[in-house]
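Colleague: Could you take a close look at one loop for me, with its backbone and its charged contacts, and then follow the salt bridges outward from there?

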Amino acid sequence: MKTMLIAENDEARRSRIWWVAILVSSVLIVIIAIYLLMKMFTTNPLEGKWESEDGDFTLGVGRNGKMTVALPDIAEGVDADIEMSYTLNMDDKTVTIRENGAELDRLVQESEGAYTREMLESALAGVMTTFDYNVEGEQLTLTEREYGEQLTFIKK
């Protein structure tokens, strides 16, 4: 029975092949580690769709500070998707959510009387503030900084 050897009986050639294999695998490990570390520290941990535990509303957190708040049934079975903006501070683990006045005015006009600006502002009152955030697996907890009120969301 004949055994297969890499580079037959040439020990110097086998050493070079082994050295190249070790070098390539080490470089790949370093590149993957750098990629994972960059991804871990630079991605937005809030990005995605989050539904409140109470079912009151859904947050669609996107990139570049854009967020959509979906409010179900605030006026006679009509849902409202409201575009808002947010600022994320990953060092302090805070998120500040702000309304977009022009967006609220647009929704009031398009609803043809189903919504009023006051109705929308009232529905969004608990969301428009600065929160400390905590993400554990598929659960997001927003803790209001001033009064400590908590909102809990599950990732969809």
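This is a predicted model: local features need pLDDT of at least 70, side-chain atom pairs count only at pLDDT 80 or more; totals for chains, interfaces and linings use all residues.

Modeller: Arg 63 counts as exposed, because its relative accessibility is 62%, where exposed means over 50% relative accessible area, buried under 20% and partly exposed in between, computed with a 1.4 Å probe on protein chains only. Residues are numbered from 1 along each chain as its sequence is written, and side-chain values use heavy atoms, with hydrogens and water left out.

The side chain of Arg 63 meets that of Glu 47 in a salt bridge with an N to O distance of 3.2 Å; the term stands for a side-chain nitrogen of Lys or Arg within 4 Å of a carboxyl oxygen of Asp or Glu. Glu 47 lies in the loop between helix 1 (11–42) and strand 1 (48–52), and Arg 63 in the loop between strand 2 and strand 3, so the pair ties together parts that are 16 residues apart in sequence. Helices (H or I, at least four residues) and strands (E, at least two) are DSSP runs, numbered from the N terminus. Glu 47 is partly exposed, with a relative accessible area of 26%.

The loop between strand 2 (58–61) and strand 3 (66–75) also holds Asn 64, which has a positive phi of about 60° although it is not a glycine. Most residues other than glycine have a negative phi. Asn 64 counts as exposed, at 75% relative accessibility.

Glu 99 counts as partly exposed at 29% relative accessibility, and Arg 117 counts as partly exposed at 25%.

Within helix 2, Arg 106 and Glu 103 lie three residues apart, about one turn of the helix, and their side chains meet in a salt bridge of 2.5 Å, N to O. Arg 106 is partly exposed, with a relative accessible area of 33%, whereas Glu 103 is buried, with 10%. Salt bridges that share partners join Glu 99, Asp 105, Arg 117 and Glu 121 into one network.
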